[in-house]
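Dear colleague,

I am handing over the structure we spoke about, and it is placed just below. My notes on what was found follow after it.

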Amino acid sequence: MEIYLDTANVEEIRKAAEWGVISGVTTNPTLVSKERGRDFHGIIKEICTIVRGPVSAEVISQDADGILREARDLAAIDPHVVVKIPVTPEGLSAVRILAGEGIRANVTLVFSALQALLAARAGAAFVSPFIGRIDDIGQEGMDVVEDIVRIFDNYGFGTKVIAASIRHPRHVLEAARLGADIATVPFRVLEQMFRHPLTDRGIERFLADWAKMREERN
Ligand code: E4P
């Protein structure tokens, strides 16, 4: 399973890219709004210089013509840009046209397997089921991921499943178990994925034993 970073913060992206573990980035209007004083297209352009993989940038328009206009502008920034489009009838008709032009779409705000099926039919390159937000309303987000993976597998859809709205490392583990292609994770969750108390204790012990040996030799 690939790991993308779910942020519009270039410092976080730079750090995670240095760690060598991320192969793409997803943003959304909320994440971009946190980067005060920065121009949207400028942020996306900079991210594309750091990560040479898919970088999702979301449209704001709700009508197909507006979505198409924004999508073409975003796609012109860099060949790695993937346009994020909500799963609405207008959104999916834009996805179909964009697919014909070679512009990849990440269909977002997916909360059911049937929405994902429609997105795949329209030619989406990616679908993003929002796990955490489904959990928040007392349903099981991972059930939706499981259904989507099964359906795409049944019919050989090439659309990739991005487990999104990830809140903790267990979400990442479950997504990997179920066969999601990608998990897009906030920086905080990526940091948590590294941690294990036995790793810390192991390093301490190795360093202490090494220092002791050096002392005994001197
Ligand atoms: C993914 O593409 C979305 O940007 C993101 O995962 C949404 O996460 P949230 O539910 O924590 O806002």
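Among the contacts in the protein chain between residues at least 6 apart in sequence, 55% join residues at least 24 apart. Please bear in mind throughout that this is a predicted model.

As to the overall picture, the protein chain has 218 residues, of which 39% count as buried, and its C-alpha trace spans about 75 × 40 × 30 Å along the principal axes. Eleven helices and eight strands make up the secondary structure of the protein chain.

The strands form a closed barrel of eight, in the order S1-S2-S3-S4-S5-S6-S7-S8, and the pairing is parallel. Neighbouring strands of this sheet are turned against each other by 30 degrees on average, direction ignored. Strand S1 (residues 2-6) and strand S8 (residues 182-185) run parallel and are joined by four bridges, and within these strands Leu5 stands opposite Val185 in S8.

Two of the helices deserve a word in relation to the strands. Helix H5 (residues 89-100) packs on the sheet, where it touches strand S4 (81-86) and strand S5 (105-110), and its direction makes about 155 degrees with that of S4. Helix H8 (residues 141-155), for its part, lies across strand S6 (126-129) and strand S7 (160-163), and runs at about 170 degrees to S7.

If its neighbours within four places in sequence are left aside, Val83 is in contact with Ala57, Val59, Ala71, Leu74, Ala75, Leu98, Ile103 and Ala105.

The model also contains a ligand, and the residues that surround the ligand are Asp6, Thr26, Asn28, Thr108, Ser128, Phe130, Gly132, Arg133, Ala164, Ser165 and Thr184. By class, this shell divides into seven polar, two charged and two nonpolar residues.

One further residue may be of use when you look through the helices, namely Arg14, which lies in helix H1 (residues 10-18). Arg14 counts as partly exposed because it has 13 C-beta neighbours inside 10 Å, whereas a residue is called exposed at 12 or fewer and buried at 20 or more. Arg14 and Lys34 are 20 residues apart in sequence, and their C-alpha atoms are 17 Å apart in space.

Methods:
Residues are numbered from 1 along each chain as its sequence is written. This is a predicted model: local features need pLDDT of at least 70, side-chain atom pairs count only at pLDDT 80 or more; totals for chains, interfaces and linings use all residues. A residue is near a molecule or strand if its C-beta atom, placed from the backbone, lies within 6 Å of it. Ala, Val, Leu, Ile, Met, Phe, Trp, Tyr, Cys and Pro count as nonpolar, Asp, Glu, Lys and Arg as charged, and the others, Gly among them, as polar. Two residues are in contact if their C-beta atoms, placed from the backbone, lie within 7 Å. Two strands pair if DSSP finds at least two bridges between them. Axes are lines fitted to C-alpha atoms, for helices over the stretch in contact, and angles run from 0 to 180 degrees between N-to-C directions.
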